Amino acid sequence: YTISEDGGSVELMLVASGPAPFNYSVTVDTFDGTASDGSDYTGGSFEVDFPAGSTTASLTVPILEDILLEENEWFGGLLSVSGVDGVMAGPDNMANVTITDNEGDIFVEFEKSAYSFNEDAGDGILTLVANKAAPAGGYSVEVSFADGTAGSPGDYDGATQTVFFPEGARSVGK
């Protein structure tokens with residue numbers, strides 16, 4: 001399954017090998033992959049009903065929109081059956097859902113390819129620039145650093161920094 005993060009929800013289809021002569025329920029438990037329950041989708045443990053005579057049922061999982069520029073993410077659903085005589089989970093009892101990011105047309109980069117600061121100058125400011133203005137609500141990017149000839153923590157603070165581009169901004173210094 002694939003859904004855009006602004007798609008609202010994804011419908012997972014469950015298929016039985018044949019019609020049941022009685023009503024029964026199965027359980028679908030969602031689990032995080034790179035997507036997070038509560039941030040990217042609304043997961044949990046769901047009971048899904050198959051009415052007598054039916055071979056299909058569905059579960060709708062809400063997808064949560066965000067304003068983060070990020071890679072596509074995924075989560076899964078695992079089908080299980082317990083306490084129902086004559087009904088068991090088949091070999092295809094897991095589904096993966098890919099949530100495609102919808103902020104992907106914004107590109108952020110450093111203003112310069114190299115920066116130089118004196119050790120006794122205090123904090124240095126690195127400027128990030130985007131190819132277009134930030135949309136309503138803005139967005140955040142994470143900046144990570146790697147040691148070169150300078151090392152963290154002795155020469156600089158190497159902690160990952162979250163940088164917020166407020167609405168309308170095309171550049172931010174941090």
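Leaving out residues up to four places away in sequence, Ser54 touches Gly18, Pro19 and Ala20. In this predicted model, Ser54 sits in the loop that runs between strand 4 and strand 5. Its relative accessibility is 15%, so Ser54 counts as buried, the cut-off being under 20%. The side chain of Ser54 also has a polar atom 2.7 Å from the backbone oxygen of Thr56.

Five strands make up an open sheet in the order 1-7-6-3-4, and the pairing is mixed. Strand 1 (2–4) and strand 4 are the edge strands, each pairing on one side only. On average, neighbouring strands of this sheet are turned by 30° against each other, ignoring direction. As a rule, strands of a sheet pair through backbone hydrogen bonds, either parallel or antiparallel. Here, strand 1 and strand 7 go for the parallel sense, over three bridges. Thr2 has Thr98 in strand 7 as its bridge partner.

Then there are the nonpolar cores. The largest one has 23 residues, and Val10, Tyr24 and Phe75 have the most contacts inside it. At least two residues of this core come from each of strand 2 (9–15), strand 3 (24–32), strand 4 (45–50), strand 5 (56–62), strand 6 (73–80) and strand 7 (94–100). Setting aside neighbours within four places in sequence, Val10 is in contact with Tyr1, Ile3, Leu59, Thr60, Val61, Ile63, Phe75 and Val97. Another core, of 11 residues, lies apart from the largest one, and Ile106, Tyr139, Val141 and Val143 are among its members.

Technical notes
Residues are numbered from 1 along each chain as its sequence is written. This is a predicted model: local features need pLDDT of at least 70, side-chain atom pairs count only at pLDDT 80 or more; totals for chains, interfaces and linings use all residues. Side-chain values use heavy atoms; hydrogens and water are left out. A nonpolar core is a set of buried Ala, Val, Leu, Ile, Met, Phe, Trp, Tyr and Cys residues joined through side-chain atoms within 4.5 Å. Buried means under 20% relative accessible area, exposed over 50%, partly exposed in between (1.4 Å probe, protein chains only). Helices (H or I, at least four residues) and strands (E, at least two) are DSSP runs, numbered from the N terminus. Contact means heavy atoms within 4.5 Å. Two strands pair if DSSP finds at least two bridges between them. Axes are lines fitted to C-alpha atoms, for helices over the stretch in contact, and angles run from 0 to 180 degrees between N-to-C directions. A polar contact is a pair of N or O atoms within 3.5 Å; within protein, one must be able to donate a hydrogen and the other to accept it, and residues adjacent in sequence count only if both atoms are side-chain atoms.
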